[in-house]
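Here is a short walk through one protein structure. Please keep the model open while reading.

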Amino acid sequence: MLSLPLKLLGGVGGLVSEQCREVQHLAAVLATSLCLSVQPRRWRRTVRGVLARQVLLFGVESLPFILIVGVLVGISVVVQLNVWTGKIGQSQTLGQLLVLVVARELGPLFANFVLIVRGGSAIATELGIMKVGGEVRVLEAQGIEPLLFLVMPRVLAMAVSAFCLTVIFVFVAFASGYGFGAFIGQANADPAVFVNSVFRAVHPFDAIGFLVKCLLPALLTAVICSTEGLSVEGGVTEVPLAAKRALARSLAALFVTSAGISLLTYL
């Protein structure tokens, strides 16, 4: 009678234990990468070159898409907030709502989502092909630490790209929202009033939450996709599966961390 509940309990315990070990592994890789990044002697020319290429791949090439999304969010969200706060006589709360909805929530979420789709799949696929092709073993034979050369630059590039894309997204959303609102006659004619209302609503705690929501999901995405790519065993056919796992886990980490940070913020 008790065997089935015990088996279920054992299965749940095993799953939880496995997830805890996985989280510990990811945390160890992330902490090691960050520790290596603050050591100047680790930044050889080859490492700097990898970092520059990854920033170009993740940040610069994702810029057109994030600009389009920023304009659409500005037209749909910023204009609606401007209109409805005016209709209910709460125009003084517009800045607070914009900072809360666009800067603290939508900006980091959309920027990291774009990076996961574009950069995360690229990391997992590239490193998986290198692992299958034996390039990782060649680096180790040459005395080059794969974590230093392959993982650390991608972790930092993802974090830098996430911060820059989020800032650009927020700026474009605010600018396009105000511009479209002024065009249809639903915004204050003086842009200084709009800008002042936004800046007055920004507090130091908002800046901290903004940074955490930008950087933490990006760091986790880079670590998850790197470890998935480097864990590929077998042939090339395993690489797409590793990329799918990496994307699924990165998206889960994005939403879990965003929800957790928001929950801690509002408690």
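The paragraphs below take up a surface patch, an aromatic pair and a cavity in turn.

The model is predicted. On its surface, V71, I75, F180 and F183 make a nonpolar patch of about 370 Å². Two helices, α3 (63-87) and α6 (146-183), each contribute at least two residues to this nonpolar patch. F183 belongs to helix α6. Its relative accessibility is 71%, and because exposed means over 50%, F183 counts as exposed.

Across the whole structure, a search finds 2 aromatic pairs. In the pair of F163 and F210, the ring centres are 6.4 Å apart and the planes stand at 70°, so the pair is edge-to-face.

Next comes the space inside the protein. Rolling a probe the size of a water molecule over the atoms shows where empty space is left. The count is 1 cavity of 30 Å³ or more, and the largest cavity holds about 30 Å³ of space. Its lining consists of R104, E105, G209, K213, I261, S262 and T265. Helices α4 (94-132), α8 and α9 (238-266) each supply at least two residues of that lining. The largest share, 3 residues, comes from α9.

Conventions
Residues are numbered from 1 along each chain as its sequence is written. This is a predicted model: local features need pLDDT of at least 70, side-chain atom pairs count only at pLDDT 80 or more; totals for chains, interfaces and linings use all residues. Side-chain values use heavy atoms; hydrogens and water are left out. Patches are made of residues with over 30% relative accessible area and no salt bridge: like charges are joined within 9 Å, nonpolar side chains (Val, Leu, Ile, Met, Phe, Trp, Tyr) within 5 Å. Accessible areas come from the Shrake-Rupley method with a 1.4 Å probe; for residues, only the protein chains shown count as cover. A salt bridge is a side-chain nitrogen of Lys or Arg within 4 Å of a carboxyl oxygen of Asp or Glu. Helices (H or I, at least four residues) and strands (E, at least two) are DSSP runs, numbered from the N terminus. Buried means under 20% relative accessible area, exposed over 50%, partly exposed in between (1.4 Å probe, protein chains only). Rings of Phe, Tyr and Trp (its six-membered ring) pair if their centres lie within 6.5 Å; planes under 30 degrees apart count as stacked, over 60 as edge-to-face and the rest as tilted. On a 1 Å grid over the protein atoms alone, a cavity is a set of points where a 1.4 Å probe fits but cannot get out, and a pocket is an open set with protein on both sides within 12 Å along at least five of seven lines; lining residues have an atom within 4 Å of a point. Grid points are joined across faces, edges and corners, and a volume is the space filled by probe spheres set on the points.
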